[in-house]
Amino acid sequence: MGKYDLPQVETHLYINGKWLEGSEGTVDVVNPATGETLASVQQGGEKETKEAIEAANKAFEGWSRTAPSERAKLMNKMADLVEEDSERLAKIMTMEQGKPLAQATAEIQTNVENLRWNAAQGQRIMGEIIPSPEGKQWQARKQPVGVVGAITPWNFPSNMIIRKISPAIAAGCTVILKPAKSTPLSALALMELFHKAGFPDGVVNIVMGDSSTIGKILSESDDIQKITFTGSTEVGQILNEQAAPTLKKVSMELGGHAPFIIFPDADVELAVDTLIKTKFINNGQVCTSPNRIFIHKEIKEQATKLIVEKIREVTVGNGLDDPTTGPLINEEGVKKVEEQLEDAVAKGAEILAGGHRLTDGEYANGFFFEPTVLDGVKKEMDIFYNETFGPVIPIITFEDEEQVIKDANDTIFGLASYFFATNIHTINNVSNKLQYGMVGVNDTTISNSATPFGGVKHSGFGRENGTFGVEEYVEVKFVTIASEK
């Protein structure tokens with residue numbers, strides 16, 4: 001197999017342990033770096049979604065009663081298979097999504113960690129014996145919620161799947177996965193390994209097809225007890241509304257617009273190095289990506305100069321060639337960046353580096369954009385309030401600590417936030433007042449298997465990862481037992 005050849009991967013739906021053709025034809029998967037068609041993937045619809053629901057419900061009866069230790073054995077076997085197959089999985093991801101191979105490889109390793117962590121945590125889902133009156137015993141039991149509908153995005157097409165499926169199956173739930181239309185191959189490659197690991201038929205299923213059709217069926221079905229979704233706030237609101245009549249459990253990890261604040265006492269070099277490294281993960285196509293860069297006026301000149309120097313070291317190219325960053329996902333992503341920059345410049349902002357689409361040579365058929373630094377950003381510009389999802393660093397100058405906190409919170413989103421400071425009073429004050437589900441202080445590594453991940457406000461509700469993530473997939477049942485006299 002050549003360097004630029006797609007590894008062999010399944011293209012059918014996976015329902016009840018079988019690979020099936022869909023009733024809705026096929027959809028082409030396109031490499032965003034080259035524009036070439038990688039594969040044609042089977043599409044399902046209402047028929048296949050209902051078949052998957054039936055299979056998952058049937059499988060739940062046995063899987064929910066399977067000993068947690070036995071579930072853990074299968075999950076650890078799956079982790080071993082993912083690790084053994086990491087090179088193929090990473091290459092598939094890079095080719096369909098565009099991110100550099102090194103980032104794809106790291107994402108696959110995160111899958112391994114997540115599977116193993118949840119395999120262990122599933123054996124520690126503890127109930128309680130509650131102090132009770134004489135002659136009675138009060139119990140709080142934790143039981144799997146039921147069948148889960150999991151809907152995942154294209155920007156992390158492998159880990160978003162494992163991060164949802166792992167705690168669900170560890171708790172004893174069964175799952176129906178609907179992956180993103182543009183990146184189904186990573187999901188299918190994982191399904192191959194779930195099958196190889198020997199999970200019972202129906203425990204894990206995958207249906208590709210029209211997102212609105214499948215999402216509506218999953219959300220409205222009384223046979224689905226939980227919906228977990230990562231994606232845009234707009235789609236999350238629709239799914240939440242559709243799920244409301246059935247009163248099922250719902251968790252939503254939605255849009256973000258992360259502030260990145262550099263205070264005057266910060267280690268400026270550390271802050272800038274971390275900013276560049278974090279911003280160009282997945283070319284800025286991350287819900288937790290730094291999107292509004294607030295720099296104190298005392299260090300503004302120093303920090304801005306360093307940012308411009310560092311950004312010129314960022315390389316752009318086909319993810320298989322090991323650049324710093326790859327292409328955007330599609331033409332729509334490129335146009336969004338262009339429109340935000342045009343609006344900002346028209347309203348007084350200045351482009352200090354980059355600012356253009358890359359179209360020559362190797363970039364001709366892909367969706368590439370220059371790493372860009374934008375200075376003089378103000379509130380009247382679209383980029384201040386709208387998530388960019390691209391390789392742009394918008395710089396905003398501030399003077400007052402309380403004002404920058406207010407400006408950082410001036411958004412409907414509340415997923416991730418970051419700031420750099422050394423003063424303990426600043427650290428305590430700002431971390432308390434930032435209205436975000438996650439706060440990174442002198443650090444941006446906020447996603448770990450053992451720590452809670454999620455947002456507030458229009459960034460959603462519920463948590464993934466850690467003990468909080470597993471709890472999303474259980475219900476608490478109270479049992480009172482009266483002893484016989």
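A pocket, on a 1 Å grid over the protein atoms alone, is an open set of points where a 1.4 Å probe fits, with protein on both sides within 12 Å along at least five of seven lines; lining residues have an atom within 4 Å of a point. The model is predicted: local features need pLDDT of at least 70 and side-chain atom pairs count only at pLDDT 80 or more, while totals for chains, interfaces and linings use all residues. Residues are numbered from 1 along each chain as its sequence is written, and side-chain values use heavy atoms, with hydrogens and water left out.

**View 1. The largest pocket and its lining.** The largest pocket holds about 1200 Å³ of space, a volume being the space filled by probe spheres set on the grid points, which are joined across faces, edges and corners. Its lining consists of 41 residues, and those nearest the centre are Trp 154, Gly 231, Ser 232, Glu 234 and Val 235. Two or more lining residues come from each of α7 (211-220), β10 (226-230), α8 (233-243) and α11 (331-346). Helices (H or I, at least four residues) and strands (E, at least two) are DSSP runs numbered from the N terminus. The element that gives the most to this lining is α8, with 6 residues. By class the lining of the largest pocket has 16 nonpolar, 18 polar and 7 charged residues; Ala, Val, Leu, Ile, Met, Phe, Trp, Tyr, Cys and Pro count as nonpolar, Asp, Glu, Lys and Arg as charged, and the others, Gly among them, as polar.

**View 2. The second largest pocket.** About 1000 Å³ of space lies in the second largest pocket. It is lined by 38 residues, with Phe 156, Ile 281, Thr 444, Thr 445 and Ser 447 closest to its centre. The elements α4 (101-121), α5 (159-171) and α9 (268-279) each give two or more residues to the lining of this pocket, and α4 has the largest share, 6 residues. The lining of the second largest pocket divides into 13 nonpolar, 16 polar and 9 charged residues.

View 3. Thr 230 is in strand β10. This residue is buried, at 4% relative accessible area; buried means under 20%, exposed over 50% and partly exposed in between, with a 1.4 Å probe and protein chains only. The side chains of Thr 230 and Lys 164 make a polar contact at 2.8 Å. A polar contact is a pair of N or O atoms within 3.5 Å; within protein, one must be able to donate a hydrogen and the other to accept it, and residues adjacent in sequence count only if both atoms are side-chain atoms. Leaving aside residues up to four places away in sequence, Thr 230 touches Ile 151, Thr 152, Pro 153, Met 160, Lys 164, Glu 253 and Glu 464, where contact means heavy atoms within 4.5 Å.

**View 4. Ala 39 in strand β4.** Strand β4 (residues 37-42) contains Ala 39, which counts as buried at 13% relative accessibility. Residues up to four places away in sequence not counted, Ala 39 touches Leu 6, Thr 11, Val 27, Asp 28, Val 29 and Leu 185.

**View 5. Strand β6 and its partners.** Strands β5 (residues 128-130) and β6 (residues 136-144) run antiparallel and are joined by 3 bridges; two strands pair if DSSP finds at least two bridges between them. Ile 129 stands opposite Gln 139 in β6. The two strands β5 and β6 form a hairpin with 5 residues between them, and Gly 135 in the turn has a positive phi of about 90°. β6 also pairs with strand β24 (residues 474-482) in the antiparallel sense, over 9 bridges. The bridge partner of Ala 140 in β24 is Phe 478.

**View 6. Strand β20 and its neighbours.** In strand β20 (residues 416-420), 5 of the 5 residues are buried, so the strand is largely enclosed by the rest of the structure. Ala 416, Tyr 418 and Phe 420 point one way from β20, and Ser 417 and Phe 419 the other way. Strand β12 (residues 258-262) runs parallel to β20 and is joined to it by 3 bridges, with Phe 260 opposite Tyr 418. Strand β21 (residues 438-441) is also parallel to β20, with 4 bridges, and Gly 440 in β21 is the bridge partner of Tyr 418.

View 7. Asn 283, in the loop between α9 and β13 (290-296), has a positive phi near 55° although it is not a glycine. Asn 283 is buried, with a relative accessible area of 1%. Phe 389 lies in the loop between α12 (382-385) and β18 (392-398), and its phi is near 55°, a positive value in a residue other than glycine. Phe 389 is buried, with a relative accessible area of 18%.
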